[in-house]
Structure formats: C-alpha cells, structure tokens
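Please keep the viewer open as you go through the points.

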Amino acid sequence: MRRSKANFFRIMGVLSGLIAVGKWFDQICNWKNPITTVLIHILFIILVMYPELILPTVFLYLFLIGIWHYRWRPRHPPNMDTRLSHADSAHPDELDEEFDTFPTSRPSDIVRMRYDRLRSIAGRIQTVVGDLATQGERLQSLLSWRDPRATALFVIFCFIAASVLYVTPFQVVALLTGIYVLRHPRFRHKLPSVPLNFFRRLPARTDCML
C-alpha cells in the first residue's frame with residue numbers, strides 16, 4: 001500500500017506539467033486573461049503562416065524553461081526522501097504488510113481485512129480500465145457498421161472532409177480550426193459539442209458483458 005501510494009503520487013508529479021498546460025489552455029480558450037489570449041492568437045497565426053518557425057519556437061521555449069528553473073536547481077546530492085516514499089505518513093498496518101513473509105504469517109482476520117482493502121482498490125482500477133476499453137470500442141465502432149446510421153454519417157463526413165482538404169490549403173484549415181477552438185465564450189454554449197455528443201452515443205461492448 002505504501003509503495004502503491006508513493007508510485008501513484010510520482011506519476012501524478014510527472015503528469016502535473018501536462019495537467020498545468022491543460023488548465024492554462026482552458027483559461028486561454030475561456031478568455032480569462034484577454035491580453036494573453038490575444039497574444040496567443042497572434043503567435044498561432046504567425047506559426048500557421050510560417051510553419052518553419054514551429055520547431056525553433058518549441059526549443060526556445062524549452063530553453064527558457066530550463067533557464068527559469070536554474071534558480072531552483074538541487075544543491076545537495078539526492079538522498080532518501082521519507083516524504084516521497086510516504087514513510088512518514090504510513091499506517092503501522094501498511095508497514096507490517098510490507099515486511100510480512102510470503103506466504104503470510106499473520107492471522108486470518110488481518111489477512112481478510114487486507115484482502116478487502118486490496119479488492120476495493122482493484123475495483124477502482126478495473127473501473128478506469130473499463131472506461132478506457134469503452135472509449136477504444138467506440139472508436140472501433142465508427143467503421144464497424146455495428147450502428148449503421150453512425151457509421152454511414154462518419155463515412156460521409158470522411159468523404160466530404162477529404163474532398164474539402166484536397167482543394168483547401170492546410171494553412172487555411174489550421175487557421176480556421178485554431179480560431180474556432182480559441183473563440184470567445186460569448187460564442188460558446190454549455191451543451192457538449194456535436195462531435196463529443198456523437199462519440200458518446202456510439203455503441204460499446206459493455207452491454208454484452210456479464
């Protein structure tokens with residue numbers, strides 16, 4: 001349990017950067033700071049018009065992040081971190097479970113309690129895995145004709161999109177898509193978007209499971 005919690009928070013620490021970027025992009029889309037949003041619009045238009053500047057901009061941004069973090073660089077060699085390992089907040093039963101022998105040498109009631117705890121955690125993990133499988137099956141059902149109307153609509157959309165993209169410059173498509181994504185909240189509505197609503201209605205195999 002202790003190591004599971006420690007590894008979970010390690011993963012969350014790794015993903016915290018992506019989560020922060022997602023929150024920042026959501027603020028940009030919702031115009032929380034209009035000046036920043038206008039600057040992002042200008043930068044986006046420049047990058048679309050001059051795509052050869054995309055990679056230099058990305059590497060320059062990473063360079064600036066590295067320079068900014070220089071002031072908080074580690075000044076001591078790495079050592080055992082009790083907070084990172086969650087050893088300072090571990091329950092005595094968790095430590096006893098970690099140092100238990102295999103097979104266990106503890107009484108049956110303690111083993112039953114630990115088994116119930118593990119089963120509850122495994123149930124949550126299975127829920128997440130099931131949700132991921134559901135999304136994957138919905139993607140597969142776009143072309144499987146399990147829902148004939150949904151697949152027909154998607155096939156027609158793909159044909160129209162291919163025809164439009166064949167005659168339309170990619171820069172125009174990227175520019176229109178970016179402006180649509182970054183549009184002002186006045187032009188948004190609280191209902192889910194049409195593609196998201198369509199995707200959520202696609203069939204999955206959850207109804208066929210026991």
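Helices (H or I, at least four residues) and strands (E, at least two) are DSSP runs, numbered from the N terminus. Read that way, the sequence of this predicted model gives the pattern α-α-α-α-α-α-α-α-α. The radius of gyration is 25 Å, well over the 17 Å that the globule rule gives for 210 residues, so the protein is more spread out than a compact globule. Here the radius is taken over C-alpha atoms, and the rule is 2.2 Å times the number of residues to the power 0.38.

**How to read the numbers**
- Residues are numbered from 1 along each chain as its sequence is written, and side-chain values use heavy atoms, with hydrogens and water left out.
- As the model is predicted, local features need pLDDT of at least 70 and side-chain atom pairs count only at pLDDT 80 or more, while totals for chains, interfaces and linings use all residues.

**Overall build**
- The protein has nine helices and zero strands.
- Along the principal axes, its C-alpha atoms fill a box of roughly 70 × 55 × 30 Å.
- Of contacts (heavy atoms within 4.5 Å) between residues at least 6 apart in sequence, 65% join residues at least 24 apart.

**Surface and charge**
- Buried residues (under 20% relative accessible area; exposed is over 50%, partly exposed in between; 1.4 Å probe, protein chains only) make up 13% of the 210.
- The accessible surface (Shrake-Rupley method, 1.4 Å probe; for residues, only the protein chains shown count as cover) is about 17,700 Å², and 69% of that belongs to carbon and sulfur atoms.
- There are 26 positive and 16 negative side chains, with the centres of the two sets 10 Å apart.
- Lys and Arg count as positive and Asp and Glu as negative, leaving out His and the chain ends; each charge is placed at NZ of Lys, CZ of Arg, CG of Asp or CD of Glu.

**UniProt annotations**
- The unreviewed entry lists "transmembrane region" for residues 7–25, 53–70 and 152–182; UniProt positions follow the numbering used here, feature names are shortened, and annotations may be inferred rather than shown by experiment.
- Residues 7–25 are 100% helix and 0% strand, with end C-alpha atoms 27 Å apart.
- Residues 152–182 are 90% helix and 0% strand, and their end C-alpha atoms lie 30 Å apart.
- "Domain: Multiple C2" is listed in the unreviewed entry for residues 55–210, a span that is 62% helix and 0% strand, with 50 Å between its end C-alpha atoms.

**A closer look at Arg186**
- Arg186 sits in the loop between α8 (170–181) and α9 (194–200).
- Arg186 is exposed, with a relative accessible area of 69%.
- From C-alpha to C-alpha, Arg186 and Arg83 are 45 Å apart in space, and 103 residues separate them in sequence.
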